[in-house]
Amino acid sequence: MGLKVGLIGCGGMGTTHNLSLKAISTEMDIEVVALADCRSEFLEKAAVQWPHARKYEYGMELIEQETLDLVHICLPSYLHAQHAIAAMRKGMHTFIEKPVCLTEQDCKELLRAKEETGRKVMIGQVVRSFAEYRYLKQIYDEKTYGALKSIMMQRVSGDAVWGFEDWFHDEKRSGSVVLDLHVHDLDFLRYMLGEPDSMDVRATEFEGGLVNQVVTQYEFGKVFAIVEGVWDVSPALPFEASFRACFEKGTVVFKGSQKPSVMVYLADGTSFAPELKEEYEKEDHSAGINISNLGPYYTEIKYFIDCLMHDKEPVIAPLEEGVKSVALARQELSLAKEYIQKMR
Ligand SMILES: NC(=O)c1ccc[n+]([C@@H]2O[C@H](COP(=O)([O-])OP(=O)(O)OC[C@H]3O[C@@H](n4cnc5c(N)ncnc54)[C@H](O)[C@@H]3O)[C@@H](O)[C@H]2O)c1
């Protein structure tokens, strides 16, 4: 038998992982043999894809009872670390959704567990696997249009209302919009440009005090970046991720809601849409969240499974990178709260 996989958390992201794993199982020798979710309707929905999988109410129960090659942790963010550490100590490789965890202590304990167990760990910093952002990194690395001068990025979302026990609206459980949504863009910037030299943060809050919008200006050497993550727009406004990158010889614009999603505008006044293709093209709305394009999730998960099958360390989004992005996001959250305090 091939790779035995477990899935813990079958809510919004768990559904996306489950559908991706199902698609991957048609090409690679893997099978989801165990599922866990404390809400039976979500567990049963996930089990439709894997009728023979053993079912558990709690993630910890699954880890204690099962012997698996790989476990996917798609739980609310505050539960990632304890489950991932237990899974590694039980001998399982782990795929952990982003943000890998929320506290400095959890970051340290995850790194220690990985070192002591020698397990492989990948973090769902999925933007690194989107065709549009892969293209951006490629033209940056190859200087196709000269050096990058500046980049504006946005991730605009209505409020996250679908979470189990409303965990998104509690800073201790989600880390606010900064660790939950904005972490995607700051992680990608770190991936492409390295650590920022400086940053300046502006923010707003919900009535109860939770940060719901962050705008950060960073300097990376000679490149500056302005990045917004917001949860506080009308639900009537569809989710959108976008960027505009200004290179010496052209401007590259990405708008997630448009087709083609990327356009290149050159200094000579011409423009074109680069041919970008996801490895797997499928729209599916059954996760019930703001994610419908399965392609990048399929790509990141397949990449990790390939690493496991060939005994290679993942380099696209390893634990060490997820931890560094959490550290930067935590600094930004603290600056965001200082700013809000000052403006009250
Ligand atoms: N990569 C992305 O694009 C992306 C998008 C959305 C969410 N996420 C991340 O995915 C993770 C999950 O988010 P979500 O939107 O799926 O949340 P969710 O609330 O929809 O799903 C979490 C699931 O975990 C279950 N659960 C809670 N505690 C449990 C336990 N102890 N044992 C078993 N099941 C338990 C809940 O019943 C729920 O079904 C978060 O870390 C979030 O930040 C990533």
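Is the crossing of H1 and H9 left-handed or right-handed? In this predicted model, the crossing of H1 and H9 is right-handed.

**Two helix pairs**

Two packed helices are described by the angle between their axes and the distance between the axes. The table gives these values for two pairs.

| Helix pair | Angle between axes | Distance between axes |
|---|---|---|
| H1 and H9 (residues 295–309) | roughly 60° | within 9 Å |
| H4 (residues 80–89) and H5 (residues 104–117) | about 10° | 9 Å |

Start with H1 and H9. Their axes cross at roughly 60°, and the two helices are therefore oblique to each other. On the H1 side, the contact is made by Thr16, His17, Ser20, Leu21, Ala23 and Ile24. H9 answers with Tyr297, Tyr298, Ile301, Lys302 and Ile305. By class, this contact has 7 nonpolar, 3 polar and 1 charged residues.

H4 and H5 pack at an angle of about 10°. Angles under 35 degrees count as roughly parallel, so H4 and H5 are roughly parallel to each other. Ala81, Ala84, Ile85, Met88 and Arg89 represent H4 in the contact. From H5 come Asp106, Glu109, Leu110, Ala113, Lys114 and Thr117. Here the classes are 6 nonpolar, 1 polar and 4 charged residues.

**Two domains**

The protein chain is divided in two. Domain 1 covers 3–126 + 299–318, and domain 2 covers 127–283 + 325–343. The domain centres, taken over C-alpha atoms, are separated by 25 Å. Domain 1 gives 19 residues to the contact, and domain 2 gives 23. Which elements give two or more residues to the side of domain 1 that touches domain 2? They are H1 and H9. That side of domain 1 has 11 nonpolar, 5 polar and 3 charged residues.

**The ligand shell**

How many residues lie around the ligand? There are 29. Gly9, Gly11, Gly12, Met13 and Phe164 come nearest. Both domains take part: domain 1 and domain 2 each supply at least three residues to the shell. H1 (residues 12–24) provides the largest share, 3 residues. The shell has 16 nonpolar, 8 polar and 5 charged residues.

**H1 in summary**

H1 gives two or more residues to the side of domain 1 that touches domain 2. H1 also contributes the largest share of the shell around the ligand.

Conventions:
Residues numbered from 1 in each chain as written. Predicted model: local features only at pLDDT ≥ 70, side-chain atom pairs only at ≥ 80, totals over all residues. Near = placed C-beta within 6 Å. Helix = DSSP H or I, 4+ residues; strand = E, 2+ residues; numbered from the N terminus. Nonpolar A, V, L, I, M, F, W, Y, C, P; charged D, E, K, R; others polar. Domains from an automatic or database assignment. Axes fitted to C-alpha atoms, helices over the stretch in contact; angles between N-to-C directions. Parallel < 35°, antiparallel > 145°, perpendicular 65-115°, else oblique. Left-handed = near helix turned anticlockwise from the far one by under 90°. Contact = placed C-beta atoms within 7 Å.
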